[in-house]
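Welcome to this short tour of a protein assembly. Take a moment to look at the picture, and then we will walk through it together.

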Amino acid sequence: MGKFIAKRLFMLIPVVLGISFIVLLLLAITPGDPAKMMLGTQATPERIAALRDTLGLDDPILVRFVHFLGQIVQGDFGTSFMTKRPVFDEMITRMPYTLLLVSVSLGVSVVLGIPLGVYAATHHNTWKDNGAMFISLFFVSMPVFWFALLLVRFFGVELRWLPLSGIDTWQSWILPIVATSLGFVATIARQTRSNMLEVVRQDYIVTAKAKGLPERRVIYRHALKNALIPVIMVIGNMFGLLIGGALITEVIFGIPGLGQYTIAGLTGRDYPVIQGSVFILSVMFSLVILIVDVVFAIVDPRIRAQSGRNNSKKRKVGNQIEEDPQEIEA
Amino acid sequence: MEEQGNLLEIRDLAVEYHTDEATIYAVNHIGLTVKKGETIGLVGETGAGKTSIARSILGILPMPPAKIVSGEILYRGNELLRLPEREMRKIRGNKIAMIFQDPMTALNPIETVGFQIAETIRQHDSVSQVEANRRACDMLEMVGIAMGRFGDFPHQFSGGMKQRVVIAMALACNPELLLADEPTTALDVTIQAQVLEMMQSLRERLETSVMLITHDLGVVSEFCDSVAVVYAGEIVERGTVEDIFDRPGHPYTLGLFGSLPRLDATERRLKPIKGRMPDPTNVPEGCRFCDRCPRAEDRCSKSPPAESEIAPGHAVKCFFAPQR
Amino acid sequence: MPALLEVQDLKKYFRTGSGMLHAVDGINFSLEAGKTLGVVGESGCGKSTLGRTILHLLDATGGRMSFDGEDITNPKRAELRGLREKMQIIFQDPYSSLDPRKSVGETIMEPLKIQGALPKGDMIAETRRLMDSVGLAARFENSYPHELDGGRRQRIGIARALSLNPKFIVCDEPVSALDVSIQAQIINLMLDLQEERGLTYMFVTHDLSVVKYISDDIMVMYLGQMVEMAPADELFRDTRHPYTKALLSAIPIPGIHGKTKRILLRGEITSPINPGPGCRFMARCRHASEGCSQPQTLEECSPGHFVACHIHGEIV
Amino acid sequence: MRKTRKKSKLKDLWRRLKRNKLAVAGLVVLALLIFVAIAAPLLAPYGYSVQDSKASYAAASPEHPLGADKLGRDLLSRLIVGARASLMMGSIAVSIAASIGIAIGATAGYFGGWTDNISMRVLDIYQSIPMLLLCITLAAILGPSLQNAIIALGVCSVPGYARLMRASVLTVRDKEFIEAARAVNAGNARIILQHIVPNAMAPLIVEITMGIGSCILAGSLLSFVGLGVQPPTPEWGTMIAEGRNVMREHPTLALYPGICVMLSVLSCNLLGDGLRDALDPRLRN
C-alpha cells in the first residue's frame with residue numbers, strides 16, 4: 001500500500017508542473033498586451049514597460065516557467081493589483097470558507113444521494129423509481145446560480161427564515177450548501193442507481209441468491225458494496241465540479257472564500273489573482289483525486305493486487321493469461 | 001403422494017419469458033424425477049431450456065421476464081413453487097445447491113473466498129463465526145485448495161480453482177441435491193478431468209444427488225446414472241445411461257450421436273441433423289423436432305406426440321417409439 | 001509433393017509487466033498442399049498465436065517461414081498484400097468476428113472491395129456465389145449478424161475467408177462455440193470446401209475428437225512448444241509424450257463401455273513468462289526425472305512422428 | 001429469440017427509443033426549441049431591443065404576455081431570441097469538442113503505445129484543472145463575447161469526449177472482426193473509419209446529447225457572470241443576471257429565463273437517457 005501511495009505521489013509531480021505551465025500560458029494567450037490591459041488606457045508607456053518587466057513578459061517562455069516555478073515553491077504568487085495584498089496570504093485566509101462549503105456539500109450529496117439511488121434501484125421500474133429519477137434529473141438540469149437566487153428569494157425574502165447572505169451565523173450556510181449540493185445529490189443518486197442495476201445483473205448476485213441469502217443481504221452486502229466502488233470515482237470528479245459550483249455560490253451568497261476571490265480577479269483581470277487561484281484550486285483538486293485513488297485501491301482488492309504486484313506474483317502467473325487478453329490468446 | 005425414493009419430482013413444468021415483443025416458450029410442460037443418490041444428466045443444446053429448469057427448482061428465475069405458467073416441483077413431498085420465500089430460503093443453498101457455468105463471474109469479486117463459503121454456512125446453520133470459518137477451511141481442503149488461501153480474493157485464483165471454490169460453497173451445507181449447470185464447460189480438458197473426478201468422489205462420499213446440466217454427451221456417459229435429453233424446451237427422451245447410449249429411441253438423440261466426431265470413427269463425414277432449433281417464440285404445433293426429423297410424417301406436424309415408455313424407466317416422446 | 005507452408009523455429013514473445021511471455025517458442029513444421037494440420041492444446045499454449053503469427057497478424061520474434069516456395073518471413077508491404085490473399089483465417093467466435101454494423105453481404109464483399117480487382121456488378125455476383133457455396137440463402141444478404149444464429153454466422157466468416165480464393169486457411173477453433181448438431185454441419189461444410197477447392201487447413205482447436213476427425217497430422221502444443229506431432233491415427237494409437245497421454249485420457253468419451261483410466265495431471269498450467277530451459281511440462285509430469293531439466297530435443301521416433309521427451313520410449 | 005427482420009439500425013433504434021415516453025418528450029421539446037431559435041425573428045412579437053419606457057416592468061398582459069423588463073423590452077421576445085445564443089453555445093461548442101475529442105480518443109485508443117500514453121498524460125494534466133474554473137478563466141482571458149464563450153466551452157469539453165472515445169475504441173479494437181479486416185488487407189484508415197468508429201460511437205452519441213445540455217448550462221453561467229453574450233443581445237443567463245437585481249419586486253424577470261435553461265437542459269438529458277437505454281445492446285431482443 002505504501003508503495004502504491006508513493007508511486008501515486010510521484011505521479012503528482014508532472015501534473016503539478018503541467019498545471020503551472022498552463023497557468024503561465026493563460027497570460028500568453030491573452031489577446032493584446034496583458035500589461036496594458038491591467039493598467040488601463042491611461043497608462044504611460046514607461047509604466048507599461050515596467051510592468052512587462054516585473055511580469056517577465058518579454059522573456060522566453062521557458063525562462064518565465066522556471067522563474068514562475070521558483071516563485072511557486074516559495075509560496076509567492078505576486079501581489080493583487082486591486083487589493084495590493086499578497087495573493088498567497090489572501091488565499092490562505094479565504095481557503096477555510098471554500099473548504100467548508102465544498103466538503104459539507106460533498107458530504108450532503110453523498111449522504112443523501114447514495115440512499116436515494118439505492119431506493120430507486122430497489123424499486124426499479126416502479127413509479128417510485130421513475131419519480132425519483134425524474135425529479136433528480138430536474139435538479140441536474142437546473143442552473144445552480146438561478147436555483148440559488150430562487151432559494152434566496154423564497155427562504156430569505158419571502159419567508160424570512162434564513163439570512164440572505166454572509167457567514168455570520170450557521171444558518172447563513174444552509175442556503176449555499178443546499179444550492180451547491182442539490183444537483184450533486186441527484187448526480188450521485190443517478191450514478192448509484194445505474195451501478196446497482198448493473199451489478200444486480202451479475203452472476204455472483206445469482207450465486208448469492210442461490211446460497212439462500214435473504215434479499216436484503218444480497219442487496220446490501222453483495223450488490224451495494226460492488227456498486228459503490230465506481231461511485232467513489234464519481235465523488236472524486238465531483239469535487240472538481242463542486243469547486244466550479246462554489247465559484248458562483250460564493251458570489252451569490254457573499255461568502256468570502258476562494259471562489260469569490262477568483263471571480264473578482266477574473267472580472268478585474270487581476271492576473272496574479274487569476275494565476276494563484278487557478279493553481280491552488282487545481283492542486284487541491286489533484287490531491288483529492290489522489291486520495292480517491294488510494295481509497296479506491298483500499299476497497300477494491302483487484303486494484304490492490306495490481307499495486308502490490310510483487311507479493312502476489314507467484315499466484316498470479318496462471319491468471320496472467322486472463323488479464324492480458326490482447327497479448328495472449330484466450 | 002411421494003413415490004418411494006424420489007427426492008425431487010417435477011410435474012408438467014412450463015416456463016415462459018415475456019418480453020415486450022414476444023413470448024419465449026422456454027420450458028414446455030416437462031416431467032422429471034430425481035431419485036435419492038442418483039445422478040441425472042440433462043443434455044441438450046444452447047437454448048433448449050436446461051438452465052431454466054434448474055433455476056425453476058431453486059426459485060431463482062429472473063421474474064420478470066420469466067414466468068412459471070404451470071406445474072409443480074415436489075421436493076420430499078413439499079411443493080417448492082408454492083412455498084413462501086422464507087421457507088424457500090431455508091432450502092436454497094442448504095438442501096438444494098447450485099453450481100454455475102462460468103466460475104469467472106460466479107464469485108463476488110470483492111469478498112474473500114473464505115467469507116463467501118462461511119456466509120452460506122452461517123446462513124443455514126446457527127454456528128459462530130469462528131466455527132463457520134473453520135468449516136469453510138475444511139470445505140476448501142476438501143476441494144483441494146490449501147486452507148491458507150481462505151483470505152484470498154477470487155481474482156487470485158485460476159478458472160479451475162474458482163470452480164472448486166464454487167463447488168465448495170455449494171457443498172458447504174451438505175445439500176441433498178446439487179444442480180450443476182455446465183460446471184466444466186468453461187474449463188480446459190485436463191482441468192475438467194480434475195474437477196469431474198473431484199465431484200465424483202465428493203458425490204460418493206456425501207451421498208448427494210446431482211442434476212448435471214451439460215451439452216457434452218461424453219461427460220454424461222462418464223458421470224451420470226440416468227439421462228434426460230432436452231430439445232426446444234421438452235424432454236424428448238429419458239432413461240438410464242444404458243438406455244440412452246445403447247438403445248436411443250428418439251430421432252433427435254440418434255441425430256446427436258451422428259453429429260458427434262468420434263475418436264473411433266472411420267468414415268470421412270459426420271451425419272449432422274439438418275436445419276436448426278425452432279425459434280422459441282414461434283414453436284411448431286406438432287412435434288418440435290419434426291422440421292429436422294428424417295422420419296417426419298404428416299401427423300408429426302399436426303399434434304405433438306405423447307411420451308411413451310418403451311421399457312421400464314425409458315420414455316420417448318415420438319410417434320415412432322417402439323411400443324413395449 | 002513440396003510443402004506449401006514451411007515453418008522453422010518460429011518464435012513469438014510478448015513483453016509483459018513481469019517478463020517475457022513465450023507464447024510461441026521454436027515451432028517447426030511443414031504442411032503439404034491439400035492437407036490439414038491439427039494444432040491442439042489448452043488455453044494459453046500459444047496455438048492461436050501460432051496461427052496469427054503465420055498470417056502476419058502478429059509480427060514474429062524469430063524464425064523463418066516460407067509459403068509456396070517463397071520466403072515470407074519479412075514480407076514487404078506489397079508482398080504482404082498478395083500473401084494475405086492466399087492465406088486467410090476463420091475465427092472462433094462467430095459473435096465477435098463479424099462487424100455488427102455490416103450486413104452479411106457487406107461483410108463478405110469487403111475483401112473484394114479492398115482488393116479492387118472486380119467491377120461492382122461482378123463483386124455482387126461473386127458475393128452471392130460465395131453465400132451459396134457456404135450454404136447461406138440469398139435472402140440473408142441484407143441481414144445483420146445479430147439476426148442470425150451461430151451456425152449461420154460462422155458460415156459468413158467462412159465465406160469472407162474464401163472470398164479472395166486463398167490456398168491456405170487458419171481455422172482458429174471454428175466450431176468450439178457451436179452446438180454439436182450445428183458443429184457437425186460446419187465441419188462437413190469445411191471438408192466439402194477443402195475437397196472442392198483443394199484448400200490447405202491449419203485447424204487450431206482444443207477439442208481432440210474434432211481434430212482427429214478432420215486432420216491428417218496433429219501437433220500437440222504445451223506452453224508455446226510442440227511436444228508431439230504425428231499423423232492423426234498414429235498419435236492416438238501410439239501416444240508418446242506424457243502430456244499427450246494425459247490430454248487424450250482426459251477427454252470424456254461418449255460411450256459407456258470400455259472406459260479407460262484417466263491420467264489426472266497435478267496442478268495447472270505453469271507460467272509462460274520467462275520459462276526455464278528444461279521441459280515445460282516437468283512440473284506436472286508424473287514421470288519427471290533428472291534429465292527433464294535439460295532442454296528437450298524433438299526426436300523423430302517413427303516417420304512423421306516427432307516427440308520432445310527424452311524418456312518417451314520408456315514410459316507406458 | 002431472434003426473428004429475422006430486415007430493419008435498418010436507425011429504425012431499430014427509433015423503435016426502441018419510442019417506448020420511452022420521457023425521451024420522446026425531450027426530443028419534441030428540443031425540436032421545438034430549435035425551431036423557435038431558427039424562426040425567432042418571425043415568432044417574436046417585438047424586436048429584442050425595442051424599448052418602451054411606458055412598459056417598464058410591465059406585468060403580464062395581452063401586449064406583453066410575459067411582461068417587460070426595466071427598459072420596457074418585451075420578455076417573451078427576448079426569451080425567444082435568447083434561444084439562439086443558448087443553442088449555439090450548446091451545439092457549436094459540443095461539435096468542436098466532440099470532433100477533436102473523438103479524433104484524439106480514436107487515435108490514442110487504436111494505436112495505443114506511446115501515442116496513447118502521451119495523449120492520456122496530457123489529458124490528465126488538463127483535467128486536473130476543475131472544468132468550470134478553466135472555462136470561466138478562458139472566457140475571461142479571451143474577453144467576453146459569444147464567440148469566445150463557445151471556444152472556452154468547447155476547449156473545456158474535449159477531454160471528456162476523448163476519454164470516452166478511447167475507452168470505447170479499446171473495447172472494439174480487440175474484437176476478432178478487426179483482425180478479420182486486417183487479414184483481408186484493410187488499412188488502418190479503413191479499419192478506423194469503417195469498423196472501429198461506427199462500433200464505438202454508441203456511448204458518444206449519448207454523451208454528445210447530454211453534452212449539449214451541459215454546455216447550455218455552463219454557457220448560461222458564463223453569461224450570468226458577464227463573460228458570455230453581451231447586452232443588449234438577449235441570452236437567458238444574461239437575463240437572469242439582469243433580473244437578479246429586481247428579484248424582490250419582479251421575480252418573473254429572472255424566473256422565466258431560468259425555466260427556459262432548465263427545460264432545454266432537461267430535454268437533452270431525457271433524450272440522452274433514452275438513447276442510452278435504446279443503444280444498450282443488453283436490452284436488445
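Predicted model: local features only at pLDDT ≥ 70, side-chain atom pairs only at ≥ 80, totals over all residues.

An area is a handy way to begin, because the size of an interface is often given as the accessible area lost when the parts come together.

How many residues does the contact take from each chain? It takes 42 residues from chain C and 40 residues from chain B. Across this interface there is one salt bridge. C:Asp149 is its partner from chain C and B:Arg276 its partner from chain B, and their closest N and O atoms are 2.8 Å apart. Ten residue pairs are also found in polar contact across the interface of chain C and chain B, both residues of each pair being at pLDDT 80 or more.

Sorted by class, the side of chain C that touches chain B has 19 nonpolar, ten polar and 13 charged residues.

## Two buried residues in chain B

Now zoom in on chain B. B:Ser209 is part of strand β8 (residues 209-214) of chain B. Is B:Ser209 buried or exposed? Its relative accessibility is 1%, so B:Ser209 counts as buried, the limit being under 20%. The side chain of B:Ser209 reaches the backbone oxygen of B:Lys35 at 3.4 Å. Apart from its neighbours within four places in sequence, B:Ser209 is in contact with several residues, among them B:Leu7, B:Val34, B:Gly37, B:Glu176 and B:Leu178.

B:Asp243 sits in helix α8 (residues 241-246) of chain B. This residue also counts as buried, because B:Asp243 has a relative accessibility of 6%. Setting aside neighbours within four places in sequence, B:Asp243 is in contact with B:Pro248, B:Gly313 and B:His314. B:Asp243 and B:His314 are 71 residues apart in sequence, and their C-alpha atoms are 6.6 Å apart in space.

## Aromatic pairs

Over all chains, a search of the whole structure finds 16 aromatic pairs. A pair of aromatic rings is described by the distance of the centres and the angle of the planes. Here are two of the pairs:

| Pair | Centre to centre | Angle between the planes | Kind |
|---|---|---|---|
| A:Phe77 and A:Phe88 | 6.0 Å | 20° | stacked |
| B:Tyr231 and B:Phe289 | 5.1 Å | 85° | edge-to-face |

Why does the pair in chain A tie together separate parts? A:Phe77 lies in the loop between α4 (61-73) and α5 (87-122) of chain A, while A:Phe88 lies in helix α5, so the pair links parts that are eleven residues apart in sequence. A:Phe77 counts as buried at 7% relative accessibility, whereas A:Phe88 is partly exposed, with a relative accessible area of 29%. A:Phe77, A:Phe88 and A:Phe279 form one aromatic cluster.

In chain B, B:Tyr231 lies in strand β9 (residues 226-231) and B:Phe289 in the loop between α9 (251-259) and α10 (298-302), so this pair ties together parts that are 58 residues apart in sequence. Both B:Tyr231 and B:Phe289 are buried.

## Chain A as a whole

What is chain A built from? Chain A has 15 helices and zero strands. Its C-alpha atoms fill a box of roughly 85 × 60 × 30 Å, taken along the principal axes. Of the 330 residues of chain A, 51% count as buried. Among the contacts in chain A with a separation of 6 or more, 72% are between residues 24 or more positions apart.

## Some backbone details

Let us finish with the backbone. A cis peptide bond joins D:Pro231 and D:Pro232, with omega at about 10°. D:Pro232 is in the loop between α9 (188-224) and α10 (236-244) of chain D.

C:Asn274 is not a glycine, yet C:Asn274 has a positive phi of about 45°. You will find C:Asn274 in the loop between α9 and β11 (299-302) of chain C, and C:Asn274 is partly exposed, with a relative accessible area of 47%. D:Asn185 is not a glycine either, and D:Asn185 has a positive phi of about 75°. The place of D:Asn185 is in the loop between α8 (176-183) and α9 of chain D, and D:Asn185 is buried, with a relative accessible area of 9%.

Terms used. Residues numbered from 1 in each chain as written. Chains lettered and ligands numbered in written order. Heavy atoms only, no water. Contact = heavy atoms within 4.5 Å. Salt bridge = Lys/Arg side-chain N within 4 Å of Asp/Glu carboxyl O. Polar contact = N/O pair within 3.5 Å; in protein donor to acceptor, adjacent residues only side chain to side chain. Nonpolar A, V, L, I, M, F, W, Y, C, P; charged D, E, K, R; others polar. Helix = DSSP H or I, 4+ residues; strand = E, 2+ residues; numbered from the N terminus. Buried < 20%, exposed > 50% of the residue type's maximum accessible area, 1.4 Å probe, protein only. Phe/Tyr/Trp six-rings, centres within 6.5 Å; stacked < 30°, edge-to-face > 60°.
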